[in-house]
Amino acid sequence: MGKANILVAGGAGYIGSHMVKELLDSGFDVITLDNLSTGHRDMVSGGTFVKGSLSDQKLLEDLFSKKPIDAVMHFAAYSLVGDSVIAPIDYYENNFSGTLSLVAAMMRHGVKRFIFSSTAAVYGEPEYTPISESHPCRPTNPYGASKLAVERMLSDCDAAYGLKYMSLRYFNAAGADASAKIGERHVRETHLIPLVLQVALGKRPHIDILGTDYPTPDGTCLRDYVHVTDLASAHLLALSALLEGKDSALYNLGNSTGHSVRHVIEVCRNVSGKKITTKETARRAGDPAVLVADSQKIRRDLGWRPRYEDLENIVESAWRWHQHQP
């Protein structure tokens, strides 16, 4: 693919750090920009690291002036739905205004290839499943709304300035790199698989099952889990498409299979060999019964083929990572 220079915003976070590794393994030069508010410096496996914020215009000017940048990949977003409801201004400032600042700097320096880490939260309550890219976008929380606002801004910048972008909307990221050197590490964990594995490790007394009366086979929510390495490979395909001159596009990323909360817990029991205590509680407000992606478009257009579609493989990689965390 050549020695293109790629700026990765948010490259010290969970998904961003896996992207940095994938880029380096593929021969790209990588500059990681991260303010470390939720990311971790030791998760960045190589390249150049710059600590800073997307709102720092002087820093962005210096970055784009020092060496030619061929494309930008954006993972620097706040992503907790509950927090976005409590503090919407924080989410619009970081997720929308920060991205606007970055794109404005790109336009000033003639950098016109952009990969955006988006989310299935742009769809809101599903009208049908699996959810395709043509599903109406009616986000039900500020997190999803802030991401959708960015997508609309990118479309406008394409029409006005010729910015070419790929927006990748994914469902539940999970798992860890095969090396177990990088993985999912959040200061405040909210994702199901790591929470269940924390019970297996004795770090939590039990895992809450939030609702058991959904219209699903076992009464618990169904979600589509996609391995973080497969996410990174999809972003790499999208980047390659833009570098080859392809047009802007929106793509879903998922395995197109729903796994219930009870099934995820059972797989975690089998993989870890540990007893995992559960506690049944009331539904969490706003949780749809089923969220499953239709990802045929990216498979057809870009040839994306997930390597870790089996839930057990996803959990095994996460278990290897979490066993080595202090």
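Colleague: Why is Asp83 called partly exposed?

Modeller: This is a predicted model, and the relative accessible area computed for Asp83 is 24%. Buried requires under 20% and exposed requires over 50%, so 24% places Asp83 in the partly exposed class.

Colleague: What makes the contact of Arg188 with Asp83 a salt bridge?

Modeller: The closest N and O atoms of Arg188 and Asp83 are 2.4 Å apart. The limit is 4 Å between a side-chain nitrogen of Lys or Arg and a carboxyl oxygen of Asp or Glu, so the pair qualifies. The bridge links distant parts of the chain: Asp83 belongs to helix H3 and Arg188 to the loop between strand S7 and helix H6, 105 residues apart.

Colleague: Why is Arg299 counted as buried?

Modeller: Its relative accessibility is 13%, and buried means under 20%, so the term applies to Arg299. Arg299 also forms a salt bridge with Glu309, with 3.5 Å between the closest N and O atoms. Arg299 is in helix H9 and Glu309 in the loop between H9 and helix H10, ten residues apart. Glu309 is partly exposed at 40%.

Colleague: How many salt bridges does the structure hold, and which residues are linked in a network of them?

Modeller: There are 18 salt bridges, and Lys21, Asp25 and Asp177 are linked in a network.

Colleague: What makes H1 mostly covered?

Modeller: Nine of the twelve residues of H1 are buried, among them Tyr14, His18 and Leu23. The elements that cover these buried residues include S1, S2, S4, S6, S7 and H7.

Colleague: Why is Met19 called buried?

Modeller: Its relative accessible area is 0%, and buried means under 20%, so Met19 is buried. Met19 is found in H1. Beyond residues up to four places away in sequence, Met19 touches Met73, Phe75, Ala232, His235 and Leu236. Met19 and Leu168 are 149 residues apart in sequence and 13 Å apart in space, C-alpha to C-alpha.

Colleague: How many aromatic pairs are counted, and why is the pair of Phe114 and Phe116 classed as it is?

Modeller: The count comes to two aromatic pairs. The ring centres of Phe114 and Phe116 are 6.4 Å apart and the limit is 6.5 Å, so the rings pair. Their planes stand at 15 degrees, and under 30 degrees counts as stacked; the pair is therefore stacked. Both residues are buried, Phe114 at 0% and Phe116 at 1%.

Colleague: What places the charged end of Arg283 relative to the ring of Tyr214?

Modeller: The charged end of Arg283 sits over the ring of Tyr214, 4.0 Å from its centre, where the distance limit is 6 Å. The charged end of Lys297 sits over the ring of Tyr251, 5.1 Å from its centre.

Colleague: What is the order of the open sheet of three strands, and why do S12 and S14 stand at the edges?

Modeller: The order is S12-S9-S14, with mixed pairing. S12 and S14 each have a single partner strand, so one side of each is left without a neighbour in the sheet.

Colleague: How do you know that S9 and S12 pair?

Modeller: Pairing requires at least two bridges, and S9 and S12 have two, in the antiparallel sense. Leu222, for instance, has Ser260 in S12 as its bridge partner.

Note on methods
Residues are numbered from 1 along each chain as its sequence is written. This is a predicted model: local features need pLDDT of at least 70, side-chain atom pairs count only at pLDDT 80 or more; totals for chains, interfaces and linings use all residues. Side-chain values use heavy atoms; hydrogens and water are left out. Helices (H or I, at least four residues) and strands (E, at least two) are DSSP runs, numbered from the N terminus. Buried means under 20% relative accessible area, exposed over 50%, partly exposed in between (1.4 Å probe, protein chains only). Contact means heavy atoms within 4.5 Å. Rings of Phe, Tyr and Trp (its six-membered ring) pair if their centres lie within 6.5 Å; planes under 30 degrees apart count as stacked, over 60 as edge-to-face and the rest as tilted. A charge sits over a ring if NZ of Lys or CZ of Arg is within 6 Å of the ring centre and within 35 degrees of the ring normal.
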